[in-house]
Amino acid sequence: MGSIQKPTKILIVGGAYAGLACGLNLFDLCQGRAARFSSRDAEKESDEKDDLLGVKSEVEIRVVDERDGYYHLIGTPLALSSKSYYEKAWRTYDSIPALREQAISWTQGSVQKIDPSTKTATILDTKSGKEVEEEYDYLVAASGLSRAWPTVPQSLTGKSYLKEAGTHIDKVVGAKEGVVVIGGGAVGVEMAAELKYTHPSQTVTLIHSHTHLLSAEPLPDEFKEKALEVLKEGGVETIMGQRVMETRPVKEVGSAESFELTLSDGRIIKAGEVIWAVSKSVPTSGYLPKETLNEEGLVKIGSNLNLTADISNRTFHFAVGDIAAWSGIKRCGAAMHAGYLAAVNIHQRMLESQLGRTPKFVELPEVPPMIALAIGNNAVLYGPNEGVQSGEEIMKSFFGNDLGFDICWNYLQLGKDTTIDEPIGQGEVLEKSIEKIELESPGRVEIEV
């Protein structure tokens with residue numbers, strides 16, 4: 001079986017968990033080897049009647065992202081708390097060994113629009129400031145959600161990120177009147193907990209307008225109550241059922257600026273630094289045809305990750321990760337798994353064209369609510385089969401000691417340069433943690449974003 005003559009062009013919009021998972025797994029498959037996320041035994045597969053290991057397909061994979069590197073979103077609470085960690089969370093794409101393959105390239109920029117009928121994308125290149133037209137055979141929308149500060153740093157380069165994060169850390173460490181975090185969703189809880197854990201002498205207070213934490217999430221009260229209990233045990237002060245009506249800066253002669261917060265019950269509290277963690281994330285789907293989106297701006301997909309809208313070349317367009325309208329809480333494990341499934345299905349279509357083989361598609365199952373929440377040196381998790389669990393062992397198993405950086409890095413195999421066939425970088429794969437990232441069944445609990 002020979003290789004196809006003309007490389008198949010894959011355009012992936014977004015170079016985070018889902019986009020990289022799709023691109024790297026697809027590259028593996030096109031090299032005639034098992035995908036890196038595959039849990040099957042490759043040697044056993046070679047004996048199967050329909051085995052296709054060894055069949056190579058020429059491919060060109062281009063990743064477009066507004067950032068100049070891979071940012072570990074899950075690690076944000078730690079990255080914005082610890083100067084001994086924050087450099088680790090951002091890796092420029094040109095420094096990642098797994099992206100050194102000639103068949104894989106990346107562009108810092110943003111996709112302005114696509115034309116499904118001609119399969120072309122208009123890309124605004126950040127470095128040149130010019131728009132270029134890019135043809136593609138398959139497009140994968142993996143650009144995720146636009147998240148406000150402090151859910152994610154707003155910098156687009158590693159250099160500016162270090163300055164942004166470093167300045168923030170200096171502010172929270174030097175806040176003599178303490179730090180107030182407003183918002184008791186996952187971001188607010190993890191941010192407050194990490195600040196207190198990293199800087200135990202600092203006073204950290206979380207204010208939430210509802211009586212339960214994570215009030216917007218479809219999770220049982222038992223989980224929310226346990227989260228609050230663990231948060232308090234970690235030393236975070238909490239004010240529940242109160243809204244912040246006004247935040248007024250106060251500048252006294254000879255002292256740093258502080259703030260006075262007026263609550264809905266009339267109380268006034270002081271803070272040296274205020275962190276708002278209440279903004280809503282917005283889908284970055286403006287480059288896609290309007291008919292492909294639901295009322296929230298998420299991309300409508302089927303279980304095979306294809307767009308479901310009636311557009312030209314629909315089966316050549318996929319959406320994965322947080323940008324996709326699918327069941328379940330948005331989490332990095334689910335995003336990576338969806339990227340892997342999209343890679344498998346794109347490869348099946350490529351083989352159909354290359355070999356005339358009937359494609360065998362894989363499907364993304366419906367995902368029930370599940371979550372793992374890092375709270376200081378503890379974690380609280382909920383899954384439909386596991387129920388509510390918590391403790392330091394849960395934290396270690398799901399997040400390691402770096403809020404999941406090594407787990408995700410190793411699972412994506414970003415430290416492996418296959419041009420020299422040697423692993424580089426972040427150490428051995430953490431097998432127990434990897435098992436929890438994979439979504440082989442809807443009941444598997446994964447790392448939460």
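In which helix does Asn-345 lie? Please start there and tell me what surrounds this residue.

Reply: Happy to! Keep in mind that this is a predicted model. Asn-345 is part of helix H7, which covers residues 332–355. The relative accessibility of Asn-345 is 0%, so this residue counts as buried; the cut-off for buried is under 20%.

Now for its surroundings. If we leave aside neighbours within four places in sequence, Asn-345 is in contact with Asn-304, Phe-318, Phe-361 and Val-362.

Rolling a probe the size of a water molecule over the atoms shows where empty space is left. The structure has two cavities of 30 Å³ or more. In the largest cavity there is about 180 Å³ of space, and H7 gives the most to its lining, with three residues. In total, 17 residues line this largest cavity, and Gly-321, Trp-326, Ser-327, Lys-330 and Ala-334 lie nearest its centre. Sorted by class, its lining has eleven nonpolar, three polar and three charged residues.

The second largest cavity has a volume of about 30 Å³. Among the residues that line it are Gly-19, Leu-20, Val-63 and Ile-104. Here helix H1 (residues 17–30) gives the most, with four residues. The lining of this second largest cavity has five nonpolar, two polar and no charged residues.

Along with H1, strand S2 (59–65), strand S5 (104–115) and strand S9 (145–146), H7 supplies at least two residues of the lining of the second largest pocket. S5 provides the largest share of that lining, three residues. The second largest pocket has a volume of about 700 Å³. It is lined by 35 residues, and the closest to its centre are Arg-67, Ser-143, Gly-144, Leu-145 and Thr-284. By class, they divide into 18 nonpolar, eleven polar and six charged.

The lining of the largest pocket holds 22 nonpolar, 13 polar and eight charged residues.

Notes
Residues are numbered from 1 along each chain as its sequence is written. This is a predicted model: local features need pLDDT of at least 70, side-chain atom pairs count only at pLDDT 80 or more; totals for chains, interfaces and linings use all residues. Side-chain values use heavy atoms; hydrogens and water are left out. Buried means under 20% relative accessible area, exposed over 50%, partly exposed in between (1.4 Å probe, protein chains only). Contact means heavy atoms within 4.5 Å. On a 1 Å grid over the protein atoms alone, a cavity is a set of points where a 1.4 Å probe fits but cannot get out, and a pocket is an open set with protein on both sides within 12 Å along at least five of seven lines; lining residues have an atom within 4 Å of a point. Grid points are joined across faces, edges and corners, and a volume is the space filled by probe spheres set on the points. Ala, Val, Leu, Ile, Met, Phe, Trp, Tyr, Cys and Pro count as nonpolar, Asp, Glu, Lys and Arg as charged, and the others, Gly among them, as polar.
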